[in-house]
Amino acid sequence: MAECPITEAGHKKVGEETLAPQRHRIMDPWSYLFAWLGGCVSIGTFTVGSGLAGTLNLLQVFLAIAIGCTVIGVALAINGAAGHKYGIPFMVQARSSFGFAGTRLPALVRSVPAIVWFGFQSWIGAGALNLVSVTLFGFDSIVFWFVAFQFLQIGLSVLGFSGIKWLENIGSVFIIGALIYMFFSVIGKYGDQISTNLLQAEGTWGAPFWGATMLFLGVYSTMMLNVSDYSRELKESVSPLRQVVIYANSILPATLFMGLIGLMVSSATGEVDPIKVFSSAVDNKVLLIITLLFIVFAQVTTNVLNNVIPPAYALMDIFKLNFKTSAVLVGLLAFATFPWELVKDESAAGLNLFIQTYSAFLGPIFAVLVVDYYILRKRQLNLDLLYDEEGPYKGVNWAAIIATAVGIVFALIFSSISWYASLIPAGVAYYVLMKSMPSARRFLSN
């Protein structure tokens with residue numbers, strides 16, 4: 001047997017995260033909204049916005065972000081329902097569809113992008129810290145600040161969701177204020193160029209527009225998989241509709257500000273380096289320091305929520321490690337992502353390709369999870385079976401693996417809209433295979 005569901009009934013200590021059902025929920029609706037707001041101020045969103053300069057106009061990017069975030073909000077509420085109802089994390093939720101051993105696939109697919117983004121955003125934060133250091137003290141060593149910043153985040157990560165709650169709640173006010181300030185600073189400084197290059201540009205409503213919605217969606221498509229890791233912390237009384245509202249009102253503002261700032265400055269100056277972009281819009285030294293510290297803080301809030309928890313839970317499940325050890329390992333693995341290569345100007349297109357590619361894997365898994373929970377199981381799960389390693393979910397459910405492969409093929413064929421393209425083929429294939437494959441029928445036990 002895996003960890004017994006009955007043992008997680010009481011309060012948990014700081015950093016004592018487990019895979020057992022969560023009985024003590026620490027997030028009220030406002031805390032949950034602030035957590036997602038802080039966790040979605042992603043430099044990746046900024047980079048996606050920068051990459052659209054010269055392709056879409058301002059209105060088209062605005063609508064692309066709005067459409068992408070609407071899809072995100074609905075998808076998060078749909079796939080997070082199991083975690084919210086039963087208090088289970090993503091790795092446990094996936095056992096009913098992929099099997100105990102089969103969950104290695106979704107764990108790998110979810111963890112690799114998280115660790116890559118962890119390293120990428122830590123390097124951005126280190127660059128901001130280094131610029132602060134140079135400005136105030138004349139000390140210039142981005143490698144020093146990268147190592148120091150990474151270990152700071154590891155220290156915060158081991159606090160688990162209790163630490164995340166307070167970090168995100170306190171930081172969200174600062175983040176929103178800084179984003180509003182930066183947005184209007186950019187307009188004030190580059191207004192003429194923005195008007196010429198973005199407002200008056202024709203752009204396109206064709207495939208590049210829909211591809212842009214996929215890119216903004218793709219930044220968060222990883223979280224659509226493991227949203228149960230977070231929804232299990234939300235108070236049980238929060239309705240599904242209210243959850244959609246929470247997701248939309250937290251993700252949309254952060255994405256709009258970051259994506260549009262990246263688009264406007266890159267369109268006006270041709271610059272895509274986030275540190276140079278933000279600092280170029282601020283002439284006052286004190287405000288420059290505050291802006292750079294915002295960049296640093298934004299990386300922390302995003303990393304500890306979105307880029308540590310998923311791979312840490314995967315390590316806990318696969319290698320039977322405790323949470324603190326897993327969180328430390330995730331932080332150390334982020335060193336090996338070579339983020340200094342990812343932030344180069346010539347890497348912007350590659351980063352967009354990376355998002356499109358891993359989204360091709362994420363969409364099919366999302367479809368399998370949704371079909372499994374809503375259509376095959378009618379939103380009813382047997383917790384005892386989900387924690388029984390020798391029960392009907394033992395091993396690998398090849399129906400889920402094959403269906404995921406089918407979805408991946410369609411996603412790669414239609415790579416610019418990979419996430420969208422993969423959903424129906426993967427979902428239909430999973431349903432048909434679960435009904436027709438003899439080896440898959442035992443997974444229908446409930």
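**Close-up views of aromatic rings**

**View 1. A cluster of rings.** Ring pairs join Y32, W36, F161, Y230 and Y247 into a cluster. Here, rings of Phe, Tyr and Trp (its six-membered ring) pair if their centres lie within 6.5 Å; planes under 30 degrees apart count as stacked, over 60 as edge-to-face and the rest as tilted. The model is predicted, so local features need pLDDT of at least 70 and side-chain atom pairs count only at pLDDT 80 or more, while totals for chains, interfaces and linings use all residues. Residues are numbered from 1 along each chain as its sequence is written, and side-chain values use heavy atoms, leaving out hydrogens and water.

**View 2. The pair of F139 and W145.** The pairing rule gives a count of 22 aromatic pairs. One of them is F139 with W145, edge-to-face, at 6.5 Å centre to centre and 70 degrees between the planes. F139 is partly exposed, with 38% relative accessibility, and W145 is partly exposed too, at 21% (buried means under 20% relative accessible area, exposed over 50%, partly exposed in between, with a 1.4 Å probe and protein chains only).

**View 3. The pair of F183 and F257.** These ring centres are 5.5 Å apart with planes at 80 degrees, so F183 and F257 are edge-to-face. Because F183 lies in helix 9 (residues 160-199) and F257 in helix 12 (residues 240-269), the pair ties together parts 74 residues apart in sequence. Helices (H or I, at least four residues) are DSSP runs, numbered from the N terminus. F183 is buried at 15% relative accessibility, and F257 is buried at 17%.

Conventions:
Helix = DSSP H or I, 4+ residues; strand = E, 2+ residues; numbered from the N terminus.
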